[in-house]
Amino acid sequence: MPKPKKGPRLGGGAAHQRLILSNLATALFEHGRITTTEAKARTLRPYAEKLITKAKKAHAGENPLHQRREVLKFIRDKGVVHTLFADIAPTFAERPGGYTRITKIGNRAGDNAPMAVIELVTEAYAPSAPTAKAPAAPAPAEEAPEAEAAEVEETDAPEVEAETEVAEVEETDAPEAAEAEAEVAEEAPAEESTEDTDKA
């Protein structure tokens, strides 16, 4: 026999509480959102989400008849069960959990009871990027300095080769640059001589 819940119940006994939760879940699936006391909304939330999970399993092809019969144990209205399996479950196919939302709306006027709205989440699910920390670098081993020295030697060698290639390119370009400078120098005195003749 299951152990009864300790503390205050929503109704007078365990059977009464089961009927209250069944009726609240039926109304939630039928209308999409209901207004109730905060205590009832908090108790209803895991109850309703487990039923939605059963409907999702049936939608995924995991023994749908068994899942429907399991839900019918708690919700006696076949029309609401059909709505749950045909309409509600496919909308939550990608969402891993958190199918309902509770919003506090203040206290009730008559007895000052804290009230809340519990509703099905209708927004499209967009998975957020995981904020995983970068893995810590492993501790260096005793052989690491030797490996690093070998890596430095390997990386320095191509740089030296590149420097020699640059030097060779500069040497081959040097005669051409010298010839170009000589041509510029020859043209400049010729221009000066023509200017001197114009002044005279």
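The side chains of Arg101 and Glu119 form a salt bridge, with N and O 3.2 Å apart. The model in which this pair occurs is a predicted one. Arg101 has a relative accessibility of 30% and counts as partly exposed. For Glu119 the value is 14%, and because buried means under 20% relative accessible area, Glu119 counts as buried.

Glu119 also takes part in a salt bridge with Arg33, in which the closest N and O atoms are 3.4 Å apart. Arg33 belongs to strand β1 (residues 33-37) and Glu119 to strand β3 (residues 114-120), so this pair ties together parts that are 86 residues apart in sequence. The relative accessible area of Arg33 is 49%, which places Arg33 among the partly exposed residues.

Arg101, in turn, meets Glu123 in a salt bridge, the N to O distance being 2.7 Å. Here strand β2, which holds Arg101, is joined to the loop between β3 and α5 (144-199), which holds Glu123, so the pair ties together parts that are 22 residues apart in sequence. Glu123 is partly exposed, and its relative accessible area is 45%. Through these pairs, Arg33, Arg101, Glu119 and Glu123 are linked in a network of salt bridges. The structure as a whole holds eight salt bridges.

The packing of two helices was examined next. In general, two packed helices are described by the angle between their axes and the distance between the axes. Helix α1 comprises residues 14-31 and helix α2 comprises residues 38-59; their axes come within 9 Å and cross at roughly 70°. Angles of 65 to 115 degrees count as roughly perpendicular, and α1 and α2 are therefore roughly perpendicular to each other. Their crossing is right-handed.

On the side of α1, the contact is made by Gln17, Arg18, Leu21, Ser22, Leu24, Ala25, Leu28 and Phe29. These residues meet Lys40, Thr43, Leu44, Tyr47, Ala48, Leu51 and Ile52 of α2. Taken by class, the residues of the contact of α1 with α2 comprise ten nonpolar, three polar and two charged.

Backbone geometry was considered last. Most residues other than glycine have a negative phi. Asn63 has a positive phi, near 50°, and is a residue other than glycine. Asn63 is placed in the loop between α2 and α3 (64-72). With a relative accessibility of 46%, Asn63 counts as partly exposed. A positive phi is also found at Asn112, where the value is near 65°. The place of Asn112 is the loop between β2 and β3. The relative accessible area of Asn112 is 52%, and because exposed means over 50%, Asn112 counts as exposed.

Methods: Residues numbered from 1 in each chain as written. Predicted model: local features only at pLDDT ≥ 70, side-chain atom pairs only at ≥ 80, totals over all residues. Heavy atoms only, no water. Salt bridge = Lys/Arg side-chain N within 4 Å of Asp/Glu carboxyl O. Helix = DSSP H or I, 4+ residues; strand = E, 2+ residues; numbered from the N terminus. Buried < 20%, exposed > 50% of the residue type's maximum accessible area, 1.4 Å probe, protein only. Axes fitted to C-alpha atoms, helices over the stretch in contact; angles between N-to-C directions. Parallel < 35°, antiparallel > 145°, perpendicular 65-115°, else oblique. Left-handed = near helix turned anticlockwise from the far one by under 90°. Contact = heavy atoms within 4.5 Å. Nonpolar A, V, L, I, M, F, W, Y, C, P; charged D, E, K, R; others polar.
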